[in-house]
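Please find below some notes on the model you sent. They are set out as numbered points for checking against the coordinates.

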Amino acid sequence: MQYQLGFIGCGNMGSALAKGAAKTVNGNNIAVCDRHQEKISPLVSTLGVQEASAQEIAKNAKFVILGVKPQAMQETISTFAKELRTRTDVVLVSMAAGLTITSIRKMVGADLPIIRIMPNTPVAVGSGMTLYATDGVSRETEVEFLRIFEKTGIFDKLTEEQIDAGCAVSGCAPAFVYAFAEALINGGVECGLSQEKASLYAAQTLRGAADMLLEYGNPDTLKRAVCSKGGATIEGVKYLEKEDLNGIAVGAVKAAYRRTLELKK
């Protein structure tokens with residue numbers, strides 16, 4: 001059977017992408033496999049996707065999504081590289097941090113078209129930011145790929161050399177935002193709010209602020225628009241500036257970026 005998509009490895013990110021793809025592609029055209037059956041069964045039962053072996057996916061899927069950890073990639077690919085080498089109509093999609101397009105090709109032993117993607121966890125709720133780079137992929141195929149995953153969030157193309165820097169923001173920053181949200185919640189509780197209400201106010205405010213950024217752009221302009229001279233907001237902003245929130249956030253991004261480069265060595 002021919003599949004439009006085949007997922008080899010269905011961890012958290014692979015499963016999230018499969019769920020997003022199933023919103024635009026019929027489940028009969030999506031195949032999934034994983035060493036752990038408990039990761040596949042929910043996808044088969046809820047999405048109507050097809051269970052298949054890695055070899056079957058490598059032989060029959062147009063887009064083969066490699067959802068395995070970087071350290072396991074070489075061993076995993078070796079189990080179905082033979083099938084891939086017989087094809088001229090397949091596109092490999094890798095989401096493994098630190099593994100370049102060149103390194104994936106060496107593992108396969110064939111000069112196949114490759115899309116390298118770096119999604120972040122919000123793809124699970126359709127609000128992801130996915131960075132991607134391509135090599136040897138036609139524009140028509142690229143457009144097809146983007147259409148398949150349009151329900152997972154925003155995709156942005158950049159050079160492969162820029163992916164590590166981009167991921168220090170889009171890939172790592174959700175954790176930084178959650179840390180900030182946690183602090184906002186704790187502050188609200190200390191001021192007398194219940195945990196439930198403080199959590200709702202912080203989450204919805206972060207969502208709204210993100211929507212404003214996407215709509216209007218410049219964060220400094222938006223920040224100033226909320227602040228009134230002598231008001232409550234400006235006092236909070238002054239405190240953040242005094243404690244160097246900007247320096248802390250910039251430092252966090254740089255630390256994540258440095259670690260990404262270290263992991264590639």
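1. The model is predicted, and the remarks on local features are limited to residues with pLDDT of at least 70. Side-chain atom pairs are counted only at pLDDT 80 or more.

2. Helix H9 covers residues 173–190 and helix H10 residues 195–216; their axes come within 8 Å and cross at roughly 135°. Angles of 65 to 115 degrees count as roughly perpendicular and those over 145 as roughly antiparallel, and H9 and H10 are therefore oblique to each other. The crossing of H9 over H10 is right-handed.

3. Which residues form the contact between H9 and H10? On the H9 side they are Val177, Phe180, Ala181, Leu184, Ile185, Gly188 and Val189. On the H10 side they are Gln195, Ala198, Ser199, Ala202 and Leu206. Sorted by class, this contact has 9 nonpolar and 3 polar residues, with no charged residues.

4. The second pair is H8 and H13, where H8 spans 163–170 and H13 spans 245–263. Their axes lie 9 Å apart, at an angle of about 135°. That angle makes H8 oblique to H13, and H8 passes H13 in a right-handed crossing.

5. From H8, the residues Asp164, Ala165, Ala168 and Val169 meet Val253, Ala256, Tyr257, Thr260 and Leu261 of H13. The class count for the contact of H8 with H13 is 7 nonpolar, 1 polar and 1 charged.

6. Glu160 sits in the loop that runs from strand E8 (153–157) to helix H8. Its side chain and that of Arg116 are joined by a polar contact of 3.0 Å. With residues up to four places away in sequence not counted, Glu160 touches Leu99, Thr100, Ile101, Arg116 and Ala133.

7. Thr152 is placed in the loop between helix H7 (139–148) and E8. Is Thr152 buried or exposed? The relative accessible area of Thr152 is 1%, so this residue is buried; the cut-off for buried is under 20%. The Thr152 side chain reaches the backbone oxygen of Phe149 at 2.7 Å. Leaving aside neighbours within four places in sequence, Thr152 is in contact with Leu17, Gly20, Pro122, Val123, Gly126, Ser127 and Gly128.

8. Arg105 belongs to helix H6, residues 101–108. With a relative accessible area of 15%, Arg105 is buried. A polar contact of 2.7 Å links the side chain of Arg105 to the side chain of Asp135. Asp135 is also among the residues in contact with Arg105 once neighbours within four places in sequence are left aside; the others are Ala110, Asp111, Leu112, Pro113, Ile114 and Gly136.

9. How far apart are the C-alpha atoms of Arg105 and Gln204? They are separated by 43 Å, and the two residues are 99 residues apart along the chain.

10. Asp244 deserves a look at its backbone. Phi of Asp244 is near 60°, which is a positive value in a residue other than glycine. Asp244 is located in the loop between helix H12 (232–242) and helix H13. The relative accessibility of Asp244 is 42%, so Asp244 counts as partly exposed.

Notes: Residues are numbered from 1 along each chain as its sequence is written. Side-chain values use heavy atoms; hydrogens and water are left out. Axes are lines fitted to C-alpha atoms, for helices over the stretch in contact, and angles run from 0 to 180 degrees between N-to-C directions. Helices (H or I, at least four residues) and strands (E, at least two) are DSSP runs, numbered from the N terminus. Angles under 35 degrees count as roughly parallel, over 145 as roughly antiparallel, 65 to 115 as roughly perpendicular and the rest as oblique. A crossing is left-handed if the near helix is turned anticlockwise from the far one by less than a right angle, and right-handed if clockwise. Contact means heavy atoms within 4.5 Å. Ala, Val, Leu, Ile, Met, Phe, Trp, Tyr, Cys and Pro count as nonpolar, Asp, Glu, Lys and Arg as charged, and the others, Gly among them, as polar. A polar contact is a pair of N or O atoms within 3.5 Å; within protein, one must be able to donate a hydrogen and the other to accept it, and residues adjacent in sequence count only if both atoms are side-chain atoms. Buried means under 20% relative accessible area, exposed over 50%, partly exposed in between (1.4 Å probe, protein chains only).
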